[in-house]
Amino acid sequence: MSANVLFDAPGPKTAARHRAYAIVTAVALVAVLAWVIYRFNEKGQFESSKWEVFVTPDYVRVLLVDGLLKTLQMAATAIIGAVAFGVVFGVGKLSDHAWVRVPSALVVEFFRAVPVLLLMVFTWYWLGINADNSSYWAVVLALTAYNGAVLAEVLRAGINAVPKGQSEAAYAIGMRKNQVMRLVQMPQAVKIMLPAIISQCIVALKDTALGIYVLAPGLTYVARQIYLDPQFNNRVPTMFVVAVLYVSVNLLLTLLATWLQKRYAGEKKIDLAAARGPRNPER
Amino acid sequence: MTAITDNFDLYLRGFGYTIALFVVSGIGSLLLGTFLVAMRVGPIAIMRSAAAVYVTVVRNTPLVVVFAFFAFAAPMLGITFGFLDVEIGQFEFSSLFGSAVVSLTLYTSTFVCEALRSGINAVPLGQAEAARAIGLTFGGTMTQVVLPQAFRASVPPLASVQIALLKNTSVAAVFGIAEAVYQMRALTNNYASERTVIFVCFAAGYVVLVELLSFAANRIERRWRIA
Amino acid sequence: MRRLKLGMAAAALMVAGSALAACGDAGSDSEGRDVEAESDCDGKFDDGTRMAELADAGEINVGVKYDQPGLGFKGATDDVPAGFDIEIAKILVADLCIDPTGDGVNWVETISDNREPFLEEGKVDLVLASYSITDDRRKVVGQTGPYMITGQQLLVPADSDVESIEDLQGEQVCSVTGSTSIDRINEKGAKGVGFDSYSECVQKVLDGTVKAMSTDGSILAGFAAQNEGELKVVGDAFSEELIGVGYSKDLPEMCEWINGVLEDSYDDGAWADAFELTLGPSGVETPDPPAVEPCQ
């Protein structure tokens, strides 16, 4: 339903009232913003010493390379792993053999119900023995498992969204289940699933920030190093810069998802959210 | 197994905090989310943009960063929760709890807003047209006709958002609240050899809570099903 | 048309970015002490001891803090951590003929909570991370030293009228999770609240979320000095902590060796040097080195 069914084109009195509301809201927003800036200024958050870090080449390099790049690396590795995990267990869930279907379903349900942070802490301790990169891999493995389970459900929804006629025709010409899945259903399902995969990328990227609890490298870790340094002591500016970086990257990914949706899944727009079911949260 | 059996009170206390965070933030996010969606679809352009900007920015920020903002920046703005000092049995709800609840509410309300918006879009066009036809204002249309039906249609996405909130309460561990994941890390540190058992027990706790919530959501959805 | 606009916007951003990037000049290089490795370790250690193994391998893993300025801190652009704990570690490492500033030393970040698991699993050979010696910890890991004695005091806002821990009955006092400080706070009747690093506690005291923070007096002095005029250290030391070196309980021979190296550093002034370099700048007077406890 489009929004302008909810309210009529305003007449003169309503238009005046709306203008009044608009002005009040605008004034309120500006006032809040001004107060926030004033308070931060009072606490010296706008001093150049606190912001100078972000234009110093060494620190910028560290922030972008050790921070952002590392985070992107973790997220990318996790997503690739998650796609593999999702394919394996998604296909498993669709199997005709109960001994494959039931364990796959249990694995998927388990990893969807457990918080990512819990997985990260456990994996960190589990890998802890003589592994130099245990924090990095703890984050990657935990994210792989969690997003993999989500993608398994998405795969299932995607395959169920492929028109039934496709698989019926494939069976009619004598293909076996394995071939039908591999040659006919999967390629079409993947096209439909692309936006969902991108949105899981965004989720994975946001969740890499949790790595700070297991001392994993990445953007939040570098941010902590910067603001704990007694020379700077600049929590608020640092968190602000970090937030801007995260939001920018995520917005770019969203744009990518929208473009992919238009290009590839134009004909068949399935309601993935409903198909995924209530247990698959989009975070 | 001794890790859990000897420290069962810590185990329960951890989940107690989890549930407390979930309940308070859940209610808060539903309220704030409803308010946001009303702004989002309303007649006043500036409110629409403001809500849209807020939702987009907060949705794309990691929850840890939202928490961090509240832990560091809010006190500078004078928003401390020093007045909060409730004690119920073994549980202490102090300023840390207050800021955790606010962070979770602000973050989850954006997802609630989007879930409700999808619900509103699912309400048949004719309903709103009929409401206009009998002369209801925007406020009346929303409260009497659209929102009640929208809530019904948004139960599945809302349920998934609340389940996500339950799992997101774990992030409070990073900021000092002694909830389930915090206790799990503490126990694993002290009983390093039993870490798998500890993990399974805590995971089981979460699975139980998530299943309960799912089950409740399913029942609600079935009862409120329109067609 | 849109692509052209996007392209121009991107180009503009890059130009602006590189122009800005030339502007800043923050940060400084923090150099530790120059410690030279011993040159001859042949036959210095008995065969089969862990020290001989380490000297032969030329590699050692040392667990330190990365987030406690003055004791163990690694800034964003630093390659190695710096601080008092690290300086003492360098002295120990040098005794094994391993270059303390070279690749042979693998500095591992440890937080208060995971010092014991890291030692038990062999992830690190030594732990120097504000590690208080307690009987409980001695049940699972080996501890020796101390190389620093600290008295727990309070850090409060400059205008606070708190004078000692007794004034804070039932109030929240901040310290680091898993440290003995929290236990001492609770013993005295206040409520210990744990965070991952001292700096976070300082922030909480500054904005009034907690009434006070408590840990070793010299660390507190450092923070008070950094935030001139806003914080003060009060109270008599209400508990004494012995900061020691952690090692694996399965390797008791490490104890004698560590004690030996520590005592040498007291005698030749290396310990005092290290203290002045790291904790001195915050205005703390260099104390006398503590007496090393005999091995058990």
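Leaving aside its neighbours within four places in sequence, which residues is C:Tyr131 in contact with? In this predicted model, local features need pLDDT of at least 70 and side-chain atom pairs count only at pLDDT 80 or more, while totals for chains, interfaces and linings use all residues. Residues are numbered from 1 along each chain as its sequence is written, chains are lettered from A and ligands numbered from 1 in the order in which they are written, and side-chain values use heavy atoms, with hydrogens and water left out.

C:Tyr131 sits in the loop between β5 (126-127) and α5 (135-138) of chain C; helices (H or I, at least four residues) and strands (E, at least two) are DSSP runs, numbered from the N terminus. Its contacts (heavy atoms within 4.5 Å) are C:Arg115, C:Glu116, C:Leu119, C:Arg137, C:Val141, C:Gln143, C:Leu242, C:Ile243, C:Gly244 and C:Gly246. Of these, C:Leu242 is 111 residues away in sequence, yet 8.0 Å away from C-alpha to C-alpha. C:Tyr131 has a relative accessible area of 0% and thus counts as buried (under 20%, with a 1.4 Å probe and protein chains only).

C:Arg137 meets C:Glu116 in a salt bridge of 3.5 Å, N to O (a Lys or Arg side-chain nitrogen within 4 Å of an Asp or Glu carboxyl oxygen). That pair links helix α5 with helix α4 (residues 115-120), 21 residues apart. Both partners are buried, C:Arg137 at 9% and C:Glu116 at 11%.

Methods
Buried < 20%, exposed > 50% of the residue type's maximum accessible area, 1.4 Å probe, protein only.
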